[in-house]
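Here are some notes to read beside the structure.

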Amino acid sequence: MRITLQWLQEFADLSSLGFGGDPVGSAGDRRVAALVDALNQLGMVVEGVEIAPASLDGVVVAEVVEISEIEGADRIRLTGVDDGEGRLRPVVCGAWNFQVGDKVPLARPGSTLPNGREIGSRKLRGMVSEGMLCSPVEVGVSPESGGLLILDSSAPVGEELASYLGIATDVVLDLAIEANRPDANCVMGVARDLAAWLRAPFSEPESPPVKLVEPSRPFAVDAAACDRLVTAEFGGVEGATFPLRLVRRLQLCGMRSISPVVDASNYVMLEIGQPTHAYDLDRLAAGAIAVRSAAPGERITTLDGTERTLGPEDICIAGGDGAPIGIAGVMGGSDTEITAGTTRMLLEVAHFDRGRIARTSKRLGLRSEASARFERGVDPSIAEQAIARFAQLTGLEPQVACVHASTYPLPEPILVKSEQVVAAIGHDDPQALLSMLEPSGPLEAIGLSCEPTDGGFTVTPPLYRPDITGPHDVIEEVARHFGYARVTSRMLRGPGAGLTPSQRFERQLRELLGGMGFHETWPATLVAPAEQADAGTTSGWVTLSDPISALESTLRVTVLSGLLRALRHNISRRMPAVNLFEIGPVFSGAGGSGGLPREVRRLAVLVAADGGNGLRAIGSVLADLRDFSRCPVLELAEAGSIDGSWWPSLHPTRSQALLDSSGSVVGMAGELLGSQVTGTASPGAELGSLPRYGYLEIDLGYLDSGGEPGRIAPPSVYTSSDLDFSFVVPAGVGVCELHSAVREALGLVCQDLFVFDRYTPESSGESYVGLRARLESPEGVIDDAITRELIESVAAAAARLGSRLRRG
């Protein structure tokens with residue numbers, strides 16, 4: 001939020017910082033530095049400081065005395081103006097919106113305008129022009145111009161324009177206001193906080209009071225949507241004015257000048273934090289409004305010219321005929337907007353349900369200055385003050401002002417124990433902390449009513465602080481106004497500090513894979529739909545409603561979509577032999593709690609296969625992971641038989657689904673398709689120089705279900721050997737069950753065991769399964785005698801399952 005120094009000074013006495021004497025010359029002025037430090041200490045961080053010079057030296061009020069044509073010129077005229085120097089000054093002008101007797105700004109020769117333009121004497125069409133008559137843009141009081149700036153007829157000729165308009169060099173502060181500080185979304189709130197910090201006087205703007213009366217015909221108001229509605233009718237709107245110096249102030253704060261009525265409405269919002277909205281009364285059906293929930297599919301064209309569709313969650317402002325004329329708290333409709341021809345208007349000042357305003361603004365993608373304030377919280381009691389200030393700024397008198405609804409709740413008192421304050425903040429002088437809560441202390445100055453009670457204080461927050469709901473909020477205010485810099489720093493210590501078991505397991509898993517030669521990747525969890533399709537997921541994507549980029553518009557369903565990006569990046573840089581892994585979340589649109597997407601953490605491993613078989617290469621990695629994690633035995637299933645919306649699709653004949661004991665899929669292992677590796681539908685010759693890639697993706701929770709991780713034995717210095725087994729397996733015995741029994745029978749010398757063949761004849765319930773074991777001992781070479789013992793041990797283990805080892 002942008003705010004000016006002069007505006008702050010209208011509310012708070014800043015003389016203790018040195019302001020009030022010489023004007024500020026630069027952003028590095030020590031007084032500005034002290035002001036910035038004070039605001040930073042209060043949590044209203046200053047993100048930028050700008051100096052806005054008046055730059056109107058040599059620009060004076062002049063009266064047009066005569067206007068004459070210039071021969072041969074049809075776009076410019078010669079004027080004679082009186083600037084108080086006792087003679088008519090000739091000035092050539094191209095504007096046509098003025099006449100004799102008008103008072104206008106004159107930039108004398110030698111002056112420099114706010115836009116940097118230097119003014120001198122020059123000849124135009126043979127006529128000498130001594131200076132320039134100025135538009136609102138040229139003197140810096142408006143971004144738009146329709147000709148010269150016409151001043152009031154009472155403006156004294158010869159007076160410096162800056163003095164007449166009340167314009168001086170100002171300082172613009174850009175503040176970062178957090179969402180939990182609704183009171184600081186206006187100048188008055190910032191000034192109140194600052195005055196309390198400086199222990200300086202604070203005063204609110206004084207406006208003639210507005211008398212509120214009971215309406216002769218109350219407007220319909222949905223109390224659940226709006227607990228406060230006040231309206232005021234104004235006539236003679238065509239004669240509304242708005243001070244030019246305040247137009248400049250609005251500009252410095254980032255607001256565009258539109259018309260006196262709109263400018264005054266914006267000014268009131270920035271000054272006291274209450275948004276208002278004006279309706280053309282002659283275009284308002286039955287001269288009435290109503291506040292209600294929108295009907296499903298109801299449409300309205302807003303002030304920005306966009307047609308928007310509303311729903312029951314949105315709060316709608318309707319006319320007397322029931323038709324929607326505005327989106328409450330967000331933006332008005334174009335049908336009843338104030339125009340140059342408006343003569344009568346209705347000013348709406350309301351307090352809406354902030355949660356619904358926030359949801360409407362987000363759903364429609366429509367954020368306005370008004371919605372930003374309503375969704376954070378607005379003081380429902382200042383409607384009268386807003387109307388009075390609006391009337392004062394425009395010079396209009398409200399014909400009638402009525403309260404149509406006033407059901408807002410009052411804040412509840414909060415009991416704060418003294419020991420709570422001291423324990424939460426901590427300081428060598430507890431009494432200094434508690435003095436913040438005394439009736440004449442800083443918290444009282446920012447509107448909190450503090451009454452001493454036995455052992456503490458009863459604190460009642462003001463209506464403009466809906467963020468203060470409990471003792472912890474009051475303690476935060478004590479800390480802010482005591483000064484965070486004065487609070488003693490303490491090391492936070494809590495029970496059970498340290499890594500959780502799952503965090504410890506992930507850390508050990510990373511160390512293991514790093515030691516095995518794998519590099520960890522960290523791709524984004526947001527990927528493009530095309531990357532989801534490359535990974536083979538068919539549906540179930542969670543799509544963002546407003547993505548930053550089309551390349552990051554969906555939450556990934558499988559880790560593979562991100563790893564493929566990393567693999568192709570390495571291949572494009574001639575580094576195809578990469579071994580990668582990632583531990584991270586995947587998401588599905590179904591199955592989550594509370595209507596949220598389902599989220600699961602997984603381990604994904606991608607390995608370049610030296611021997612040309614990706615499934616075997618990744619099988620070896622899986623065996624090591626199982627030895628490390630000691631997770632339960634995995635059953636195998638055909639990959640094509642599982643749901644493709646939650647797992648990647650791999651090579652159709654070189655992939656297996658991994659099942660737990662209940663038959664649920666907990667992982668996928670196999671070889672990547674050529675199209676996945678290259679990113680093209682027909683990879684062709686591109687694959688010739690590339691290795692095949694094995695891929696494993698498994699639920700991390702399953703890996704972590706085996707208790708304390710084991711230790712990987714160091715590699716043997718002796719030669720390993722392979723031993724093939726062929727079994728006849730009866731129906732009802734799973735391959736994983738056989739695999740586990742054989743591995744247990746082989747003992748520690750078995751470094752790897754995988755299925756290399758499986759066949760089930762249609763006419764028989766038996767299956768034929770081939771297992772290949774890699775045998776290696778750290779104690780010596782495995783000779784024939786040891787091999788025969790191992791074969792007999794395996795045969796006995798298979799027999800216990802009803803299976804038979806085929807010999808010969």
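1. Does R192 count as buried or exposed, going by its relative accessibility? The model is a predicted one, and in it R192 has 7% relative accessibility. Buried means under 20% relative accessible area, so R192 counts as buried.

2. The side chain of R192 meets that of E204 in a salt bridge, at 4.0 Å from N to O. R192 belongs to helix α4, while E204 sits in the loop between α4 and β11 (226–234), so the pair ties together parts that are twelve residues apart in sequence. E204 counts as partly exposed, because its relative accessibility is 39%.

3. A second salt bridge joins R228 and E384, whose closest N and O atoms are 2.9 Å apart. This pair links distant parts of the chain: R228 is in strand β11 and E384 is in helix α9 (residues 383–394), 156 residues apart. R228 has 6% relative accessibility and so counts as buried. E384, at 24%, counts as partly exposed.

4. R308 and D304 also meet through their side chains in a salt bridge, with an N to O distance of 2.5 Å. R308 is buried, its relative accessible area being 12%. D304 counts as partly exposed at 39% relative accessibility.

5. Some salt bridges share partners, and in this way R181, D183, D193, R465, D467, E477 and R480 are joined into one network. Over the whole structure, a search finds 41 salt bridges.

6. Now to helix α2, which runs over residues 30–41 and has twelve residues. From its first C-alpha to its last, α2 reaches 16 Å, close to the 16 Å expected at 1.5 Å a residue.

7. What lies at the ends of α2? Just after the helix, G43 takes a positive phi of about 90°.

8. Which residues of α2 are buried? They are R31, V32, L35, V36, A38, L39 and Q41.

9. What covers the buried residues of α2? The cover includes the helices α1 (5–9), α4 (187–198) and α13 (471–482), together with the strands β2 (45–52) and β10 (170–176). Helix α4 is also where R192 of the first point lies.

Definitions and conventions. Residues numbered from 1 in each chain as written. Predicted model: local features only at pLDDT ≥ 70, side-chain atom pairs only at ≥ 80, totals over all residues. Heavy atoms only, no water. Helix = DSSP H or I, 4+ residues; strand = E, 2+ residues; numbered from the N terminus. Expected span 1.5 Å × (residues − 1). Buried < 20%, exposed > 50% of the residue type's maximum accessible area, 1.4 Å probe, protein only. Contact = heavy atoms within 4.5 Å.
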